[in-house]
Amino acid sequence: MRAAILLCLLCASLAAGAATPEDRLSEVYQAVETNRLDLALQRVDALIQDYPNFRLAYLVRGDLLLARTRPLETFGNVAKTVPQDKIDGLREEALARLRARRQRPAEGRVPSFVLQLEPHQKHVIVVDSRRSRLYLFENAGGKPQLVGDYYVTLGKNGMEKTREGDQKTPVGVYFVTANLPRQKLSDFYGAGAYPISYPNEWDRRMGRNGHGIWLHGVPSALYSRPPRSSDGCIVLANPDLESVGRTVQVGLTPVIIADEIEWSDASALEAERKSLAAAVEQWRADWESRDTGRYLSHYSARFRSGTQDAAAWAAHKRKVNAARSWIKVGVSEVSMFRYPRERDFVVVTFEQSYQSDLLSNTMRKRQYWVREGGGWKILYEGAA
């Protein structure tokens, strides 16, 4: 494919607000599309001056200079002495950046993974691995509203981490667990790092292991890295990490990592959200009623929590409930996130208050609900 055709395919409209390096790279391609090569060169030179570590911009500049002497046969016409894998990485980055911007979701579309945010969760992060893109959503009355998106680097060996050292990025629903400032890290992590909760309860149940999956930056000598070049972490340019980091709440911000985001209308998700909310409320009411049979009917035969399977859980609950004269249960601050790759499978987290004649406590609880036989059932339950 000739470069002019490829460059046309990569054009993207600018995002609102201050121009980022990615916005400015889009402006370069817009100038190329309209055959204003001198303007394109001026723009890329200005980009390099402001961001001298943005290697992709140098590759684009080389193509623009070469286009003055002969037609370009491919993207990245560089000397044969340059390692091919380096050029391939830059090509992949260019395509990932600019195709994602061209394919931005339509106004009002939301990721189908986010059914409900709880009031204290100000933002949710959703990663689309096929687009090498991180989408940042603001909590607008419990529903996600897109406020930013960023190019990211993911694992060298692709997705669905299963074991230590496989250099894959996990797929699932996670939460930010810490904020590690740059002062506590080597330059490799750039502007800082935000560890996430891999492996979660479902990962452990499925036999997945490993640790140390972070959102982090890049070394100071780089602006960005190729789309598939991390050891499993989610890597952003340092300015992008700083932007995302200003929204992160340790212990609260969800990070949903998927093969690809399924975009939907918010209204289309409302029926599912209401259905699951009704199931959670019925579970609460049945527990409070001390009708243990009805209460246990909400649990799947595949239920497991720690060392307890469904039978052990039922025996324990029958014993506990029989010893109570009354029970009061409150459920508040509920979030609901559909799990990527799993069918009709939702992570529900909430604040639970429990009172009885023998015990009173409050805890953050997490349940995994799955649709079985036309209804919702609990697969897992434990402290969040």
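On a 1 Å grid over the protein atoms alone, a cavity is a set of points where a 1.4 Å probe fits but cannot get out, and a residue lines it if one of its atoms is within 4 Å of a point. This is a predicted model, in which local features need pLDDT of at least 70, side-chain atom pairs count only at pLDDT 80 or more, and totals for chains, interfaces and linings use all residues. Residues are numbered from 1 along each chain as its sequence is written, and side-chain values use heavy atoms, with hydrogens and water left out.

The structure has 2 cavities of 30 Å³ or more, a volume being the space filled by probe spheres set on grid points joined across faces, edges and corners. The largest cavity holds about 60 Å³. Its lining consists of V110, V114, L115, K143, P144, A266, L269, E270 and R273. Two or more of these residues come from each of β2 (114-116), β5 (143-151) and α8 (266-289); helices (H or I, at least four residues) and strands (E, at least two) are DSSP runs, numbered from the N terminus. The biggest share, 4 residues, is from α8.

The second largest cavity has about 40 Å³ and is lined by N53, F54, R55, L56, L90, E93, Y223 and S224. Here α4 (55-66) and α5 are the elements giving two or more residues.

Helix α5 (residues 84-102) also gives the most to the lining of the second largest pocket, with 7 residues. A pocket is an open set with protein on both sides within 12 Å along at least five of seven lines. This one contains about 300 Å³ of space. Of its 13 lining residues, R55, K86, G89, L90 and P226 lie nearest its centre.
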